[in-house]
Amino acid sequence: MRVPNSVVLPVGTHVDCCQEQEVAEKTQDIMARITAMLAERKSNLAHFIDNLEGSEDPKFYVDQWERLKEMESCTLTILNLVAVNCTDYRDIKKLEASILKHVKNEELFPEVVRVLPPVYRRVEAAIVGIAQSEEMADHGMMDLQYLLSKLSQCKHLAGLGRGLLQDILRYLHRIGLIVWYEEIKHLESTVFLQPTFLITMFKLLVRHHLVQQLESIS
């Protein structure tokens, strides 16, 4: 809701726990709730803006007014919900196909036709090679400066600079190939070349009844 021109694809899981009719009803209910939520948000923003504009000294609230107007201008496109059974590989492929179909829609994503510089592809291929190499640890974590030195050893990447690498890493982070938390001070110098490791780790740490499980340990 705070990112301009956002596109959101709702995904309903645990289809295997529902009857076919239930899936249809729940899908309709979720989409109706989302529509109502967005309408309420729009109404609330308009109400807050009107209150500021109607105050006795509106000049004192210019910063708040500008933030609200900025939020009001953020459009949000909600796609049709995709219901999946996460235990069924065919449903995962169905979700993947749905995502790819929407991503290739130029009306939703005008930048999809942008041509990337060749160096982006070279760095991407080199990073995939490093991540799949036998010397790469299972956790896939690598120091940013060390990654730069490894890439600089590759053919056609000898002149790769840190600034350009960071731009490329931001792109690779957005497409999900790697994970780079550059906005977190303690992690800005660490690149995760194996995002699936993070998923596995989070599944172990963030889980249902975690507190009870920890308390049961003597």
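Lys-42 counts as exposed, at 60% relative accessibility, where exposed denotes over 50% relative accessible area, buried under 20% and partly exposed the range in between (1.4 Å probe, protein chains only). The model is a predicted one, in which local features need pLDDT of at least 70 and side-chain atom pairs count only at pLDDT 80 or more, whereas totals for chains, interfaces and linings use all residues. Residues are numbered from 1 along each chain as its sequence is written, and side-chain values use heavy atoms, with hydrogens and water left out.

Lys-42 is found in helix H1; helices (H or I, at least four residues) and strands (E, at least two) are DSSP runs numbered from the N terminus. From Lys-42 to Val-115 the C-alpha to C-alpha separation is 36 Å, for 73 residues in sequence. Lys-42 also belongs to the lining of the second largest pocket, together with Leu-38, Arg-41, Leu-45, Glu-72, Cys-74, Thr-75 and Leu-76. A pocket is defined on a 1 Å grid over the protein atoms alone, as an open set of points where a 1.4 Å probe fits, with protein on both sides within 12 Å along at least five of seven lines; lining residues have an atom within 4 Å of a point. The volume of the second largest pocket is about 160 Å³, a volume being the space filled by probe spheres set on the points, with grid points joined across faces, edges and corners. Helix H1 (residues 20-53) supplies the largest share of this lining, 4 residues.

The loop between H1 and helix H2 (62-73) contains Pro-58. Pro-58 is partly exposed, with a relative accessible area of 38%, and, apart from neighbours within four places in sequence, is in contact (heavy atoms within 4.5 Å) with Leu-52 and Glu-53. Within helix H2 itself lies Glu-66, which is partly exposed at 45% relative accessibility. The C-alpha atoms of Glu-66 and Ile-49 are separated by 9.2 Å, the two residues being 17 residues apart along the chain.

Helix H6 (residues 162-174) has 13 residues and should span 18 Å at 1.5 Å a residue, which agrees with the 18 Å between its end C-alpha atoms; the expected span is 1.5 Å times one less than the number of residues. The buried residues of H6 include Leu-165, Gln-166, Ile-168, Leu-169, Tyr-171 and Leu-172. An α-helix has 3.6 residues a turn, so residues three or four places apart point the same way. Among the elements covering the buried residues of H6 are helix H4 (118-132), helix H5 (144-152) and strand E6 (190-192). After H6 comes Gly-176, with a positive phi near 90°.

A nonpolar core is a set of buried Ala, Val, Leu, Ile, Met, Phe, Trp, Tyr and Cys residues joined through side-chain atoms within 4.5 Å. The largest such core has 25 residues, of which Val-123, Ile-127, Leu-147, Leu-151, Leu-169 and Leu-193 touch the most other members. At least two residues of this core come from each of H4, H5 and H6, and H4 contributes the largest share, 7 residues. Beyond its neighbours within four places in sequence, Leu-151 is in contact with Val-123, Ala-126, Ile-127, Ile-130, Leu-157, Leu-160 and Leu-165. A second, separate core consists of 5 residues, including Val-23, Ile-34, Leu-81 and Ala-83.

Most residues other than glycine have a negative phi. His-14, however, has a positive phi of about 60° and is placed in the loop between strand E2 (11-12) and H1. His-156 likewise has a positive phi, of about 75°; His-156 lies in the loop between H5 and H6 and is exposed, with a relative accessible area of 59%.

Gln-194 occupies the loop between E6 and helix H7 (195-205) and counts as partly exposed at 23% relative accessibility. Leaving aside neighbours within four places in sequence, Gln-194 is in contact with Ala-131, Asp-138, His-139 and Gly-140. Gln-194 and Lys-104 are 90 residues apart along the chain, and their C-alpha atoms are separated by 25 Å.
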